Amino acid sequence: MKIEKLTENKIRIILKQEDFKNKSIDLKKFILTEPETQSLFLEILNKAKKEVDFDTDGHKLLIEAYFQNSDVFIFTITKYTESNTTLKNNTKKLLSIRKKVSTLHSPCHIYQFDNFENFCDYCNYIHKKSTINLKTIFKSCILYLYNNTYYLVFDGINISHKSLALFHSSLLEFSTCFNCTKNFKFKLKEHGKIIIKNNAINTGIKYFA
């Protein structure tokens with residue numbers, strides 16, 4: 001089990017099937033409504049509090065989960081301050097669970113960021129991930145602003161790169177995968193505003209990480 005603190009309000013947990021040799025838990029059927037996995041989840045939250053100072057008491061939680069492969073289960077936990085309501089310290093409110101598949105099928109891909117701060121947080125995170133060599137994964141990426149939303153557009157992605165799944169999963173911590181068409185890419189070029197051109201991630205790391 002590995003716990004990473006992405007921001008003050010978000011952590012990522014990486015679970016492997018081998019972590020549960022002595023427990024009757026099948027990661028392929030990991031459901032938070034089951035008593036066994038509820039107990040495990042609270043155990044993970046306590047561990048996150050001790051190891052990375054991630055305190056979820058009094059917060060609602062958003063859980064996003066996906067499989068990287070058949071034996072690795074990754075999920076992120078984002079906490080939100082609960083207003084006008086006092087939650088018991090031992091109660092963990094789960095807002096939603098969204099399963100994702102960590103795959104890339106196209107040499108061109110677009111990721112959608114809700115705001116510029118999320119993009120900067122991603123640049124800061126990927127800067128610390130020295131295991132990912134960005135230069136060998138894609139040829140170029142451009143950050144556009146269109147309809148108050150930021151889009152990171154990649155060209156020339158190396159779909160056979162050994163770190164592609166890890167790179168993709170790191171992006172999903174801060175953005176959503178945008179199922180685009182060629183027409184939308186042209187629409188961004190014609191009507192969108194270029195915020196950072198050429199290599200948006202490296203530029204973001206240089207100025208915001």
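Modeller: Helix 2 gives three residues to the lining of the largest pocket, which is the largest share from any element. The model is predicted.

Biologist: How much space lies in the largest pocket, and which residues lie nearest its centre?

Modeller: The space is about 460 Å³. The lining has 22 residues, with K10, D114, N118, E173 and F174 nearest the centre. Two or more lining residues come from each of strand 3 (59-69), strand 4 (72-81), strand 5 (93-101), strand 6 (109-113) and helix 2 (116-128).

Biologist: How does the lining of the largest pocket divide into nonpolar, polar and charged residues?

Modeller: Five are nonpolar, eight polar and nine charged.

Biologist: How many cavities of 30 Å³ or more does the structure hold, and what makes a space a cavity rather than a pocket?

Modeller: A 1.4 Å probe fits in a cavity but cannot get out, whereas a pocket is open. The structure holds one cavity of 30 Å³ or more, and the largest cavity has about 30 Å³ of space. I142, Y144, V153, D155, K185 and K189 line the largest cavity. Strand 7, strand 8 and helix 4 each give two or more residues to that lining. By class, the lining of the largest cavity has three nonpolar and three charged residues, and no polar ones.

Biologist: What relative accessible area does C120 have, and is C120 buried or exposed?

Modeller: Buried means under 20%. C120 has 13%, so C120 is buried. C123, at 0%, is buried too.

Biologist: What makes a set of residues a nonpolar core, and how many residues has the largest one?

Modeller: The members of a core are buried nonpolar residues joined through side-chain atoms within 4.5 Å. The largest nonpolar core has 27 residues, and those with the most contacts inside it are F113, F138, L152, F154, F167 and I201. Strand 6, helix 2, strand 7 (140-146), strand 8 (149-155), helix 3 (164-172) and helix 5 (200-208) each give two or more residues to this core. Its largest share, five residues, comes from helix 2. A second, separate core has 16 residues, including I13, A48, F54 and F73. In soluble globular proteins, nonpolar side chains tend to be buried together.

Biologist: Why is helix 3 called largely enclosed by the rest of the structure?

Modeller: It is called that because seven of the nine residues of helix 3 are buried. They are L164, F167, H168, S169, S170, L171 and L172.

Biologist: How many aromatic pairs does the structure hold, and why is the pair of F113 and Y122 called tilted?

Modeller: There are 13 aromatic pairs. The ring centres of F113 and Y122 are 6.4 Å apart, and a pair needs centres within 6.5 Å. Planes under 30 degrees apart count as stacked and those over 60 as edge-to-face; the planes of F113 and Y122 are at 50 degrees, so the pair is tilted. F113 is buried at 0% relative accessibility, and Y122 is buried at 0% as well.

Biologist: What makes the pair of Y146 and F184 edge-to-face?

Modeller: The planes of Y146 and F184 are at 80 degrees, and over 60 counts as edge-to-face. Their centres are 6.1 Å apart. Y146 is in strand 7 and F184 in helix 4 (residues 182-191), so this pair links parts of the chain that are 38 residues apart. Both Y146 and F184 are buried.

Biologist: Which residues form one aromatic cluster with F113 and Y122?

Modeller: That cluster also holds F116, F119, Y125, Y150, F174 and F208.

Biologist: What is the phi of N147, and is N147 buried or exposed?

Modeller: N147 has a positive phi of about 55 degrees although it is not a glycine. N147 lies in the loop between strand 7 and strand 8. Exposed means over 50%; N147 has 59%, so N147 counts as exposed. N148, in the loop between strand 7 and strand 8, has a positive phi of about 65 degrees and is not a glycine either. At 70% relative accessibility, N148 is exposed.

Notes. Residues numbered from 1 in each chain as written. Heavy atoms only, no water. 1 Å grid on protein atoms, 1.4 Å probe; cavity = no way out; pocket = protein on both sides within 12 Å on 5 of 7 lines; lining within 4 Å. Points joined across faces, edges and corners; volume = space filled by probe spheres on them. Helix = DSSP H or I, 4+ residues; strand = E, 2+ residues; numbered from the N terminus. Nonpolar A, V, L, I, M, F, W, Y, C, P; charged D, E, K, R; others polar. Buried < 20%, exposed > 50% of the residue type's maximum accessible area, 1.4 Å probe, protein only. Phe/Tyr/Trp six-rings, centres within 6.5 Å; stacked < 30°, edge-to-face > 60°.
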